[in-house]
Amino acid sequence: MGCRERAAKADLLRIVAIKDECVPDPSGTLPGRGAYVHPALVCLDQAVRRRAFTRALRAPGALDIKALRRYVEQTTVAEQATP
Ligand SMILES: [Zn+2]
């Protein structure tokens, strides 16, 4: 969703909107409409800039992505720390 790169669903992070907030759903268990991005900040930022979440999740207005961004930052750091 962020970039145009094709990826297997397993490589992507599912995101759902709860109220006006984007929430990461790594286990894919939260109900509702989901959007998929690579769990990478570049992809996330691209999606945010293009308002892809608002459209994909049919949100009535702007979505808060602070929690989502923090989650992606943490996953990215954790992955880089692993040899
Ligand atoms: Zn991507």
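Student: In β2, which residue is the bridge partner of I15?

Tutor: Keep in mind that we're looking at a predicted model here. Strand β1 covers residues 13-18, and four bridges join it to β2 in an antiparallel run. Look across to β2 from I15 and the bridge partner you land on is P24.

Student: OK, so what is the order of the strands in the open sheet?

Tutor: As a reminder, strands of a sheet pair through backbone hydrogen bonds, either parallel or antiparallel. In this open sheet of three strands the pairing is antiparallel, and the order reads β2-β1-β3.

Student: Which strands stand at the edges?

Tutor: Check the partners. Two strands have a single partner strand each, so one side of each is left without a neighbour in the sheet. From one strand to the next, the twist averages 35°. The edge strands are β2 (21-24) and β3 (34-37).

Student: Where do the helices come in, and how do the elements run from the N terminus on?

Tutor: The protein chain has three helices and three strands.

Student: How compact is the protein chain, going by its radius of gyration?

Tutor: For 83 residues the globule rule gives 12 Å, and the chain comes close to that, so it is as compact as a globular protein of that length. Along its principal axes, the C-alpha trace spans about 40 × 25 × 20 Å. The radius of gyration itself is 12 Å.

Student: And what percentage of the residues is buried?

Tutor: Buried here takes 20 or more other C-beta atoms within 10 Å of a residue's own. Of the 83 residues in the protein chain, the buried ones make up 22%.

Definitions and conventions
Residues numbered from 1 in each chain as written. Predicted model: local features only at pLDDT ≥ 70, side-chain atom pairs only at ≥ 80, totals over all residues. Rg over C-alpha atoms; globule rule 2.2 N^0.38 Å. Buried ≥ 20, exposed ≤ 12 C-beta atoms within 10 Å, placed from the backbone. Pairing = 2+ DSSP bridges. Axes fitted to C-alpha atoms, helices over the stretch in contact; angles between N-to-C directions.
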